[in-house]
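Here is a short briefing on one structure. Keep the sequence and the 3D view open while reading.

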Amino acid sequence: MTYATPTSLIPEVPSFSSKHRFEMHDIARCVRPIEPHIAGVEAIEIFNRDPTLTAMPVIDDGDVVGLLTRQKVFLNFSRQFGHAVFARRPVSRLMSSSPLIVDACTTLDELRHRVINEAPTALEDGFVITKNGRYLGIGTSLGILRLGMAQTESRARELAEAKRAAEHANAAKSRFLANMSHELRTPLNAIIGFSEMIAAETLGPHNTPRYKEYAEDINGSGRLLLDIINDILDMSKIEAGHFKLELDAVDIPSIVQGAVRLVRDRADKKGVIVAIDMDKDLPNPRADVRAVRQILLNLLSNAIKFSRTGTEITVHVDVTPETLKICVADQGVGISEGDLKRVCDPFFQVENEMTRKEQGTGLGLPIVVSLAERMKAGFDLESEAGVGTRATLTLRRAG
Ligand SMILES: Nc1ncnc2c1ncn2[C@@H]1O[C@H](COP(=O)(O)OP(=O)(O)O)[C@@H](O)[C@H]1O
Ligand SMILES: [Mg+2]
């Protein structure tokens, strides 16, 4: 007589390293096979001895010829005359003769596919796992569940690890940029300072007027480089979390007037009018003074840069019961719908005659967005190509 010996419960699936492939040999339960000519009554006995046994492979001469499930055997035996009919008949009469057979190297994802598309009954009956064509063990839906959990846990660990590595790399990059920018600023300040002196002929007049022009060019280029480096430094400081914000009640009129004063010269040179539309008495929202000033300067500098001579820029300040909105509106070249989604990405600049003529790094708007986020303020950019742009910062009113 051939008996399958009682087998232990399906082993817990251990946690795997990230390289693990989650294949069927991880869940194969080594159930002793039964031969097709064995009598039904013996199968009943085997199932009775091991309550955890849900199915047995039926193997003839090394080949898997069927799967005998507890459910089907007990169902048939519990029928009227079932015992009389099946007790002496061979188990081949009780088995399912076309069970799902999968190779031990089948991955969990492939198995799920096959079960859903070819053999949904395998979820209830179980399936047979083979290795190089030879029987290896039985797979069950519990095994699939356990392996699925282990795979999900392993993927979650992998993702967490990848996220940590990415954050680490990002922090290293920000540190590098901050250090580099700092190292570049020191010599640049010398270039700017001395070129200014030479242009101003502080130590005596030049014999050749071109020298004065060149000194002015050097000074202009130096200042531009300094602006770019400052943008990069700001961005990396914000990203590295070193741009510390201090939220306090801020005096909006003085910030707006101060920012407009700073850009007035540039606007005048371009023939662009900058107007302010705001009430005298304004509430003081909670914000960081430096951040609001920087945001306004970046928005104003864009508005001036992308406006044509003779057009107007207005800074509106609107108060609602809960918010204070500062809006910089221009009548410049505008931004198309497709580009509008991307202009706040670092280093993105719209390709047009203006950007080619004007200087910039493409970091102004990303800095605005990051600073607004850190103050929990809102930022909206509306624009229409050829019509103009409205950039709005929404600050919450204190209290
Ligand atoms: N007011 C505006 N009008 C038209 N285009 C704008 C305006 N503000 C921003 N842009 C577009 O968005 C791009 C990104 O802006 P920004 O991040 O400030 O970078 P930069 O000013 O250095 O080019 C600009 O190059 C420009 O194409
Ligand atoms: Mg800009």
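Met56 stands opposite Leu68 in strand E2. The model is predicted: local features need pLDDT of at least 70, side-chain atom pairs count only at pLDDT 80 or more, and totals for chains, interfaces and linings use all residues. Residues are numbered from 1 along each chain as its sequence is written, while chains are lettered from A and ligands numbered from 1 in the order in which they are written.

- Strand E1 (residues 55–60) pairs with E2 (residues 63–69) in the antiparallel sense, over 6 bridges.
- Two strands pair if DSSP finds at least two bridges between them.
- Helices (H or I, at least four residues) and strands (E, at least two) are DSSP runs, numbered from the N terminus.
- E1 and E2 form a hairpin with 2 residues between them. Asp61 in the turn has a positive phi of about 55°.

**The five-stranded sheet**
- An open sheet of 5 strands runs in the order E7-E9-E10-E12-E11, with mixed pairing.
- Strands E7 (273–277) and E11 (378–384) stand at the edges with a single partner strand each, so one side of each lacks a neighbour in the sheet.
- On average, neighbouring strands of this sheet are turned by 15° against each other, direction ignored.
- E9 (residues 312–319) and E10 (residues 323–330) pair in the antiparallel sense over 7 bridges. His316 has Cys327 in E10 as its bridge partner.
- Helix H9 (residues 289–305) lies across E9, E10 and strand E12 (388–396). H9 runs at about 25° to E10.
- Angles run from 0 to 180 degrees between N-to-C directions, with axes fitted to C-alpha atoms, for helices over the stretch in contact.

**H7 against H12**
- Helix H7 (residues 209–239) packs on helix H12 (residues 364–374) at about 30°, with their axes 10 Å apart.
- H7 and H12 are therefore roughly parallel (angles under 35 degrees; over 145 is roughly antiparallel, 65 to 115 roughly perpendicular, the rest oblique).
- Asp231, Asp234, Met235 and Ile238 in H7 meet Gly364, Pro366, Ile367, Ser370 and Leu371 in H12 (contact: C-beta atoms, placed from the backbone, within 7 Å).
- By class, this contact has 5 nonpolar, 2 polar and 2 charged residues.
- Ala, Val, Leu, Ile, Met, Phe, Trp, Tyr, Cys and Pro count as nonpolar, Asp, Glu, Lys and Arg as charged, and the others, Gly among them, as polar.

**Around ligand 1**
- Of the 22 residues around ligand 1, Asn302, Gln349, Val350, Gly360 and Gly364 come nearest (C-beta, placed from the backbone, within 6 Å).
- The shell divides into 10 nonpolar, 11 polar and 1 charged.
- H9 and H12 each supply at least two residues of this shell.

Key:
Contact = placed C-beta atoms within 7 Å.
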